[in-house]
Amino acid sequence: MEAVVSTQSTWKQWYQRRVHGSSGINAEYMEAVVSTQSTWPMVMDAVSHIYGGVEDRSFDQGYLHFNSYVNSTKYVLTSAPFYSLDICKAIGEVQFPRYEIEGDEALIVENLMEFRTAAYVYLALAENMASENGARLASMDGAQKACEERAVEYEKIYQGLRKSKITNELVVTASACKTIEAEKKRNA
C-alpha cells in the first residue's frame with residue numbers, strides 16, 4: 001500500500017484544523033507558527049501524525065511529490081520516497097551492523113525515520129516555495145514590462161493630443177491676428 005503526500009497550501013489548513021481541534025494548545029502561538037512559512041516544529045508534528053498510532057494509516061511506502069526549483073522560470077516535479085517503520089527496521093537490520101550503535105536500536109531507527117521524512121517534507125516545502133516565488137517573479141516581470149509598454153503608448157497619445165491642441169490654439173491665434181489686421185485696414 002502507498003501513501004501520497006502533496007506540499008500544496010492545503011496541508012497548512014489541515015495542520016490548523018488538527019492543532020486548533022486539539023485541547024491544551026495555545027491558539028495565539030499556533031497562529032504565529034502557521035502564519036506565513038512552515039516551521040521545523042510544524043513539520044515534525046505533521047510527520048509524527050503521519051507515523052502516529054492511527055491504525056487506518058498503514059502503508060509500506062509513500063511518496064512526497066513537490067516542485068523542485070531549477071531557475072526563476074522553470075521547476076520540475078520531484079518525488080521523494082518515505083517508508084513505514086517495518087521497512088525502516090528491515091533496512092536498519094541490513095545496514096546497522098556496519099556501525100557501532102549505542103542505545104536502543106529500535107528507538108534510533110524510529111527517530112531516524114521520522115527525522116528523514118521530516119527533512120524531506122521541509123525540503124519539499126522550501127523547494128515548493130522557491131518555485132512558487134519564481135513563478136510569481138516571472139509573472140510580475142511580465143506585468144512590469146506590459147505596464148512600461150502601456151506607459152510609452154500613453155505618452156505618445158498624450159504628446160499627440162498636446163501637439164494638436166497647441167496647433168489648434170496657434171491656428172485660432174493666427175486667424176484672430178489676420179482678422180484684426182484686416183479690420184485695421186478697412187478702418188484706415
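**Helix packing and the nonpolar core of the predicted model**

The crossing of α4 and α5 is right-handed. In this predicted model, helix α4, which covers residues 85-95, packs against α5 at an angle of about 115 degrees, and the two axes are 10 Å apart. The residues that meet at this site are Leu85, Cys88, Lys89 and Gly92 from α4 and Glu105, Val109, Glu110 and Met113 from α5.

Glu105, one of the α5 residues at this site, lies in helix α5. When neighbours within four places in sequence are left aside, the contacts of Glu105 are with Gly92 and Phe96. The C-alpha atoms of Glu105 and Glu93 are 9.4 Å apart in space, with the two residues twelve apart in sequence.

The overall arrangement comprises five helices and three strands. Read from the N terminus, the order of elements is β-α-α-α-β-β-α-α. Of the 188 residues in the protein, 21% are buried. Among contacts between residues at least 6 apart in sequence, 64% join residues at least 24 apart.

Helix α5 also packs against α3. The axes of α3 and α5 come within 9 Å and cross at roughly 125 degrees. The arrangement of α3 relative to α5 is therefore oblique, since the roughly perpendicular class covers 65 to 115 degrees and the roughly antiparallel class begins over 145. The crossing of α3 past α5 is right-handed. On the α3 side, the contact is formed by Trp40, Val43, Met44, Val47 and Ser48. On the α5 side, Glu114, Phe115, Thr117, Ala118, Ala119, Val121, Tyr122 and Leu125 take part.

Val47, with neighbours within four places in sequence left aside, is in contact with Glu114, Thr117, Ala118 and Val121. Val43 is likewise placed in helix α3. At a relative accessible area of 0%, Val43 is buried, because the class requires a value under 20%. Val43 and Phe115 are 72 residues apart in sequence, while their C-alpha atoms are 9.9 Å apart in space.

Both Val43 and Val47 belong to the largest nonpolar core, which has 17 residues. The residues with the most contacts inside this core are Val43, Val47, Tyr51, Leu64 and Val121. Two or more residues are contributed by each of α3 (40-50), β2 (61-71), β3 (74-83) and α5 (105-187). Helix α5 gives the most to the core, with six residues.

Aromatic side chains were examined next. The count of aromatic pairs comes to two. In one of them, Trp40 and Phe115 are arranged edge-to-face, with 5.5 Å from centre to centre and 65 degrees between the planes. This pair links distant parts of the chain, as Trp40 is in helix α3 and Phe115 in helix α5, 75 residues apart. Trp40 counts as partly exposed at 30% relative accessibility, and Phe115 is also partly exposed, with a relative accessible area of 47%.

Trp40 and Tyr122 form an aromatic pair that is likewise edge-to-face, with a centre-to-centre distance of 5.6 Å and 85 degrees between the planes. Here too distant parts of the chain are linked, with Trp40 in helix α3 and Tyr122 in helix α5, 82 residues apart. Tyr122 has a relative accessible area of 35% and is therefore partly exposed. Through these ring pairs, Trp40, Phe115 and Tyr122 are joined into a cluster. Each of these three residues is also listed in the contact between α3 and α5, Trp40 on the α3 side and Phe115 and Tyr122 on the α5 side.

How values were computed:
Residues are numbered from 1 along each chain as its sequence is written. This is a predicted model: local features need pLDDT of at least 70, side-chain atom pairs count only at pLDDT 80 or more; totals for chains, interfaces and linings use all residues. Side-chain values use heavy atoms; hydrogens and water are left out. A nonpolar core is a set of buried Ala, Val, Leu, Ile, Met, Phe, Trp, Tyr and Cys residues joined through side-chain atoms within 4.5 Å. Buried means under 20% relative accessible area, exposed over 50%, partly exposed in between (1.4 Å probe, protein chains only). Helices (H or I, at least four residues) and strands (E, at least two) are DSSP runs, numbered from the N terminus. Contact means heavy atoms within 4.5 Å. Rings of Phe, Tyr and Trp (its six-membered ring) pair if their centres lie within 6.5 Å; planes under 30 degrees apart count as stacked, over 60 as edge-to-face and the rest as tilted. Axes are lines fitted to C-alpha atoms, for helices over the stretch in contact, and angles run from 0 to 180 degrees between N-to-C directions. Angles under 35 degrees count as roughly parallel, over 145 as roughly antiparallel, 65 to 115 as roughly perpendicular and the rest as oblique. A crossing is left-handed if the near helix is turned anticlockwise from the far one by less than a right angle, and right-handed if clockwise.
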